[in-house]
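I set out to read this structure in an orderly way and to keep a notebook of what I looked up. My entries follow below the display.

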Amino acid sequence: MAIFHDPRGLSRTAATADAAAAYDKTVQAYLAMTPDAGDLLKATLAADGEMVMAHCLKGYFMMLMAMGGLLPKAEKAAAMARETAEGATDRERLHVRALEHWAGRDLAGAAVIWEDILLDHPRDILAARLAHFAHFYAGESRHLRDSVNRVLPHWDRDVPGYSYVKGMQAFGSEEAGDYAVAQAAAEEAIELEPNDPWAVHAYAHVMEMRNRPEDGLAWIERLRPYWTQAHNFQNHIWWHECLMFLAQDRQADALSQYDAHVFDADGDEYLDLCNAASLLQRLEILGLDVGERWQPLGEKVRGRTEEHLLTFIDLHYALILAAAGDDKVHEMREFTARHEGTAEDSNLPIMKALGLPMIDALIAYRTGRYADAAQAILPIRYELWMMGGSHAQRDLFALILIDAARKAGDERLHGALLAERRAAAPDDFWVAALSV
Ligand SMILES: [Fe+2]
């Protein structure tokens, strides 16, 4: 085992320079969201089966998929990382610990370690990107912004990977409401490296929040040759385009794009399922008949109701089952209520506090008990950020509340909810759409 330096000056251990270079390529693929990251990781482990960071990365990749079935593989990778950590640097050992936390369902604990790494190693782009993921799914928009801003003074255009840090700054700033900073950061990121789906996406979020669908669509269109090289994350950008179609009253376009690019018949990726549920529900709120489209989604999630990895995902699965009329959603509700989990599990308390009332609300909403749905959401609506995800994604639940009040015939509540939404976003398409 020898020490090599990565393109950003960090030392890491590997058997050979070739193995270290193969690892760097894998991290690069992770940042650029290309579909070959898994194959590159395999090549890295073939070059050096004892590389501690390669085992960490393998475990991280398993956890990033947010799939219950992959937890044993993540645990195995963590065990291999621990086994191969002899001779590792302090930073690498911290990554092993972070993976152990995450594979043990403690994403919050892992985030603390990544942030600790970044204090000493602000150019550890893997730690920065994983912390970004963790803060995002904790709904911590200020932390999402500040985490990147803390490391940025240690970066400049000459440091490889700088554009990806700007892309993260763009998204963190957008979620924290600093739209001008976010837009400028996304533009700089794309100027330096157009093949950065995360930066493309951050800009789309700014346009979504600023209600500028024309500008958002033009940006996405211009960069389409790049972001369509991404793995399934590209489906999420297609989804963003659909939201902008809705703002332009182009519901038919959104539905045909759903069939072509948002729904993935062959995949089981959680983000695809969330995108799909989120778009179908919006279309139904607008009065569109989406036919049998909920059914195949229901088939994909009915075996995943006890995973409880992220509340954001669980609630989309519950929505899918409730919309598909699948009784499995009741089992999911009961399992959530009685499941004890472990003391380390950082998601379960949120699922209990927020997820349970929200599942009740979704069941009520999808079975026509609209007043019950609204009453279930009202007490928790200002805590919904804790489920994680973006403002644009969580807006689905705000729309469901307004729609429930409207369909319940509760003119007082319906009018009040519209008034607050209109005040926050006077030109918002949904205010007009939900007024009738
Ligand atoms: Fe997004």
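The entries below go from conventions to domains, helices, the core, a hairpin and several loop residues.

**Entry 1. Conventions.** I noted that this is a predicted model, in which local features need pLDDT of at least 70 and side-chain atom pairs count only at pLDDT 80 or more, while totals for chains, interfaces and linings use all residues. Residues are numbered from 1 along each chain as its sequence is written.

**Entry 2. Domains.** I looked up the division of the protein and found domain 1 (1–138), domain 2 (155–231) and domain 3 (280–436). These bounds come from an automatic or database domain assignment. I then took the centres of domain 2 and domain 3 over C-alpha atoms, and they are 28 Å apart. Contact here requires that the C-beta atoms of two residues, placed from the backbone, lie within 7 Å. By that rule, five residues of domain 2 touch six residues of domain 3. On the domain 2 side, helix α11 (residues 197–209) gives the most, with three residues. That side of domain 2 consists of one nonpolar, two polar and two charged residues. In this count Ala, Val, Leu, Ile, Met, Phe, Trp, Tyr, Cys and Pro are nonpolar, Asp, Glu, Lys and Arg are charged, and the others, Gly among them, are polar.

**Entry 3. Helix α5.** I recorded that helices (H or I, at least four residues) and strands (E, at least two) are DSSP runs, numbered from the N terminus. Helix α5 covers residues 90–103, and its 14 residues reach 20 Å from first C-alpha to last, close to the 20 Å expected at 1.5 Å a residue. The expected span is 1.5 Å times one less than the number of residues. I also needed the burial rule: a residue is buried if 20 or more other C-beta atoms lie within 10 Å of its own, exposed if 12 or fewer, and partly exposed in between, with C-beta atoms placed from the backbone. In α5, 11 of the 14 residues are buried; among them are L94, V96, L99 and W102. The cover over these buried residues includes β2 (11–14), α3 (52–64), α4 (71–83) and α6 (107–120). Just after α5, R105 has a positive phi of about 70°.

Entry 4. Since 14 of its 16 residues are buried, α16 is largely enclosed by the rest of the structure. G287 follows α16 and has a positive phi, near 95°. Helix α22 (residues 391–407) has 17 residues and reaches 24 Å, close to the 24 Å expected. What covers the buried residues of α22? The cover includes α16 (270–285), α20 (348–366), α21 (370–377), α23 (411–424) and α24 (429–433). I counted 12 of the 17 residues of α22 as buried, including F397, L401 and R406.

**Entry 5. The largest nonpolar core.** A nonpolar core is a set of buried Ala, Val, Leu, Ile, Met, Phe, Trp, Tyr and Cys residues joined through C-beta atoms within 7 Å. The largest one has 148 residues, and W114 and I320 touch the most other members. Helix α20 gives this core its largest share, 11 residues. Leaving aside residues up to four places away in sequence, I320 touches L273, A277, W294, L297, G298 and V301.

Entry 6. Strands pair if DSSP finds at least two bridges between them. A2 has A14 of β2 as its bridge partner. Five residues lie between the two strands of this hairpin, and G9 in the turn has a positive phi of about 90°.

**Entry 7. Loop residues.** M33, although not a glycine, has a positive phi of about 60°. M33 lies in the loop between α1 (17–32) and α2 (37–47). Is M33 buried or partly exposed? M33 counts as partly exposed because 19 C-beta neighbours lie inside 10 Å. A66 is likewise not a glycine and has a positive phi of about 45°; its place is in the loop between α3 and α4. D268 lies in the loop between α15 (251–262) and α16, and D268 is partly exposed because it has 15 C-beta neighbours inside 10 Å.
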